Protein chains: 2
Amino acid sequence: MNVITIERKILEKNEDLAKLNRETFKQKNIFVLDLLSSPGSGKTSILEKTLETISKQVGIAVIEGDVQTDNDAQRIAKHNVPVVQIITMGGCHLDAQLVRNAMDSLPLDEIQLLFIENVGNLVCPAEFDLGEHEKVVILSTTEGDDKPLKYPAAFRNARTCILNKTDLLPHVDFSVEDFKKNALKINPNLTLFEMSAKTGEGIEAWTDWLTQKIKNG
Amino acid sequence: MNVITIERKILEKNEDLAKLNRETFKQKNIFVLDLLSSPGSGKTSILEKTLETISKQVGIAVIEGDVQTDNDAQRIAKHNVPVVQIITMGGCHLDAQLVRNAMDSLPLDEIQLLFIENVGNLVCPAEFDLGEHEKVVILSTTEGDDKPLKYPAAFRNARTCILNKTDLLPHVDFSVEDFKKNALKINPNLTLFEMSAKTGEGIEAWTDWLTQKIKNG
């Protein structure tokens, strides 16, 4: 019972800070996405491909969350966009306070789109509001088409879902149809994208969607 | 500070229970492995292949940990070994108490080898002692060769590491050499196995190692 009480307090404090973040994002007119997935599903690769495609037209910044290393921030920095690395030192998810601290290092007046790449973990990050507009859950075709049923919170709390690594479909046991059925069973309102960050297939539908979201403010 | 104190208490309580589990396993002469990995790395597939290969010679049981669904337990049950499914309802890892409860449903006098398949999560399960002899960390070739550096606790706290999905090596950007270098940098004492649970390649070295471990008591 102790644990539940404490957790409730943490979540309440997090919600207050998330609200503050949300107000700042609204004030600065920044569209913010929180990317969730297991390790290795391709969050950073999707970001790199996205930056290649639209970072000339849109002001983009990235907050990277990792348990250890700044490898991901180094990959993003090569694309000449502002990036902040949060190292959680074992922590299994980002929270609104960590994001708020990272925001201090970003030129908020110059950006229209902020990606927050959460810690690679399909469980814990799903429960924490960071003040983002939407959570985007990413699954790769190597992880199995049953994952929405097994990790429902991530799919329930996201509004958008990317199926990545479609280039590997010929080599893995993965039914796109079953995956979609499972994902929509958990969350009938999910917007679904299929792509390969490696080959670039399907990236345009995603970047078109992003630029549309930014236009709509 | 509150959180840290509570977490310490949880961990201390867990350690006491893990000690109890360990005593029971010793008394019953059961070799126990705690399998850790991201969702979709192939924990259940490796177990299925292992059961196919040695469940005739060795008494094996499985405890399955999942956030939701009993899909994995159903897969294991087809191999005619005792299996218990723990559904954590959102919890991001197993703990010694959950394992202790599950042990009550297992015929401990008839088994020599117990697999505990933890929740698919490369972060949280790494910190929790369940009373097992060893943690086995599993990574698949689709997840990236940098993962030992990015998720060090899992590789530091495991004694054995399986690289799975070697059949996909021709189709992914993954250097086995870099992976080994990174894994051994975090934990120089790791025993490494490479395998494809899909094709069966490399499974024998693993099952030989298992039967040797059981023989050595």
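The paragraphs below go through the sheet of each chain and then the interface between the chains.

This is a predicted model, in which local features need pLDDT of at least 70 and side-chain atom pairs count only at pLDDT 80 or more, while totals for chains, interfaces and linings use all residues. Residues are numbered from 1 along each chain as its sequence is written, chains are lettered from A and ligands numbered from 1 in the order in which they are written, and side-chain values use heavy atoms, with hydrogens and water left out.

Chain A holds an open sheet of 7 strands in the order β3-β2-β4-β1-β5-β6-β7, with parallel pairing. Helices (H or I, at least four residues) and strands (E, at least two) are DSSP runs, numbered from the N terminus, and two strands pair if DSSP finds at least two bridges between them. In general, strands of a sheet pair through backbone hydrogen bonds, either parallel or antiparallel. At the edges of the chain A sheet stand β3 (83–87) and β7 (191–194), each with a single partner strand, so one side of each is left without a neighbour in the sheet. From one strand to the next the twist averages 20°; axes are lines fitted to C-alpha atoms, for helices over the stretch in contact, and angles run from 0 to 180 degrees between N-to-C directions.

One parallel pairing in chain A joins strand β1 (residues 31–36) to strand β5 (residues 134–140) over 4 bridges. Here L36(A) stands opposite V137(A) in β5(A). Helix α4 (residues 96–103) of chain A lies across β2 (60–66), β3 and β4 (113–117), at about 145° to β3(A). Helix α7 (residues 176–186) of chain A touches β5, β6 (160–164) and β7, and its direction makes about 155° with that of β7(A).

In chain B, 7 strands form an open sheet in the order β3-β2-β4-β1-β5-β6-β7, and the pairing is parallel. Its edge strands, β3 (83–87) and β7 (191–194) of chain B, each pair on one side only. Strand β6 (residues 160–164) of chain B pairs with β7(B) in the parallel sense over 4 bridges, and C161(B) stands opposite L192(B) in β7(B). Helix α2 (residues 43–54) of chain B packs on the sheet, where it touches β1 (31–36), β2 (60–66), β4 (113–117), β5 (134–140) and β6, with its direction at about 165° to that of β4(B). Helix α7 (residues 176–186) of chain B lies across β5, β6 and β7, at about 155° to β7(B).

We now turn to the interface. There, 35 residues of chain A are in contact with 35 residues of chain B. The area buried between the two chains is about 2800 Å², of which carbon and sulfur atoms give 61%; buried area is the accessible area (1.4 Å probe) that two parts lose on being put together, summed over both. P39(A), K150(A) and H171(A) supply 21% of the area that chain A buries against chain B, more than any other three residues.

The interface of chain A and chain B has 4 salt bridges, a salt bridge being a side-chain nitrogen of Lys or Arg within 4 Å of a carboxyl oxygen of Asp or Glu. D66(A) forms one with K150(B), the closest N and O atoms being 3.5 Å apart. On the side of chain A that touches chain B, the elements that give two or more residues are α1 (2–28), α3 (71–77) and α5 (147–150) of chain A.

Methods:
Contact means heavy atoms within 4.5 Å.
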